Amino acid sequence: MTAEPTAGGTSAGKQSTGRRQLRPTDVKRLNRTWRRGTQGRLALILESVTGPFNIGSIFRTAAAFGVETIWLAGNATPPTNPKAQKTALGTDRLVEWHEAVPAVEAVGAAREQGFRVVAVELTGDAVPLPQAALDGDVCLLLGGEDHGCSPAALEAADAVVYIPQVGRVGSVNVSIAAGIVMAEARRQEWAAPSPSPASGAPS
């Protein structure tokens, strides 16, 4: 015997949770709460990422995760490209970015700003992302869709990480890779225990 639906649209005996999408003001309040608990600085170097839709998508995700600066390198497409704007949706105005320079120069600029540069690439010494240390002020270096990071950029980086994959495809789109690693960097910070008053943090 099946229960008859109630006037509210739920089956008899099942209570509605009252679940609903947040209103825009609630979303802003929620984001402010997470922003107050985010201290680590995050930046990107995009080396020869030429696909405009990838560039636009990366900028939009970067804006969502509070990326401070994006350095373009090699022949990377700028976010002002009309096709990039279709996926960036104006978010390039929310992230500081620099015109393309040689990748090693971009790495040096990131270091001068106090960032540790971590490349996302498959190398012999790369650390799997779940085991990588992405805390503190970190700049993620991502290479182009076809060839990845250049040898010079990899040599200049402080560390290398890779995204483990268990399916039958050996790679993911560069904008997806950027989003995965940005999310992991923030997750590590948010998951870390807050300093206790005894450690010198204000109570």
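Helix 6 buries Val174, Ser175, Ala177, Ala178, Gly179, Val181, Met182, Glu184, Ala185, Arg186 and Gln188. This is a predicted model. A search of the whole structure finds six salt bridges.

**Helix 6**

- Helix 6 covers residues 174-191.
- Its 18 residues should span 26 Å at 1.5 Å a residue, and the end C-alpha atoms are 25 Å apart, which agrees.
- The cover over its buried residues includes strand 1, helix 2, strand 4 (116-120) and strand 6 (138-143).
- Arg186 and Glu189 both sit in helix 6, three residues apart, about one turn of the helix.
- Their side chains form a salt bridge, 3.4 Å from N to O.
- Arg186 counts as buried because its relative accessibility is 5%, under the 20% limit.

**Helix 2**

- Helix 2 runs over residues 52-64.
- Buried here are Pro52, Asn54, Ile55, Gly56, Ile58, Phe59 and Ala62.
- These buried residues pack against strand 1 (42-47), strand 2 (69-73), helix 3, strand 3 (96-101) and helix 6.
- Gly66 follows helix 2 and has a positive phi, near 70°.

- Asn54 belongs to helix 2 and is buried, with a relative accessible area of 12%.
- The Asn54 side chain makes a polar contact with the side chain of Asn173, at 3.0 Å.
- Leaving out residues up to four places away in sequence, Asn54 touches Val49, Glu145, Asn173, Val174 and Ser175.
- Gln85 lies in helix 3 (residues 82-88) and is partly exposed, at 27% relative accessibility.
- With residues up to four places away in sequence left out, Gln85 touches Pro79, Thr80, Gly90 and Asp92.
- Gln85 and Ser57 are 28 residues apart in sequence, and their C-alpha atoms are 9.0 Å apart in space.

**Nonpolar cores**

- In soluble globular proteins, nonpolar side chains tend to be buried together.
- The largest nonpolar core here has 30 residues.
- Leu44, Leu46, Ile70, Leu134, Leu140 and Leu142 have the most contacts inside this core.
- Strand 1, helix 2, strand 2, strand 4, strand 6 and helix 6 each give two or more residues to this core.
- Leu140 touches Leu42, Ala43, Leu44, Ile45, Val118, Leu134, Val181 and Met182, not counting residues up to four places away in sequence.
- Another core, of 19 residues, lies apart from the largest one; among its members are Ala103, Val117, Ala126 and Ala157.

**Salt bridges around Arg41**

- Side chains of opposite charge can pair when their charged atoms come close.
- Arg41 and Glu68 meet through their side chains in a salt bridge, 3.0 Å from N to O.
- Arg41 is in the loop between helix 1 (24-36) and strand 1, and Glu68 is in the loop between helix 2 and strand 2, so this pair ties together parts 27 residues apart in sequence.
- Arg41 is partly exposed, with a relative accessible area of 22%, and Glu68 is partly exposed at 34%.
- Arg41 also forms a salt bridge with Asp137, with the closest N and O atoms 3.3 Å apart.
- Asp137 lies in the loop between strand 5 (127-128) and strand 6, so its pairing with Arg41 ties together parts 96 residues apart in sequence.
- Asp137 is partly exposed, at 27% relative accessibility.
- Shared partners join the salt bridges of Arg41, Glu68 and Asp137 into one network.

How values were computed. Residues are numbered from 1 along each chain as its sequence is written. This is a predicted model: local features need pLDDT of at least 70, side-chain atom pairs count only at pLDDT 80 or more; totals for chains, interfaces and linings use all residues. Side-chain values use heavy atoms; hydrogens and water are left out. Helices (H or I, at least four residues) and strands (E, at least two) are DSSP runs, numbered from the N terminus. Buried means under 20% relative accessible area, exposed over 50%, partly exposed in between (1.4 Å probe, protein chains only). Contact means heavy atoms within 4.5 Å. A polar contact is a pair of N or O atoms within 3.5 Å; within protein, one must be able to donate a hydrogen and the other to accept it, and residues adjacent in sequence count only if both atoms are side-chain atoms. The expected span of a helix is 1.5 Å times one less than its number of residues. A nonpolar core is a set of buried Ala, Val, Leu, Ile, Met, Phe, Trp, Tyr and Cys residues joined through side-chain atoms within 4.5 Å. A salt bridge is a side-chain nitrogen of Lys or Arg within 4 Å of a carboxyl oxygen of Asp or Glu.
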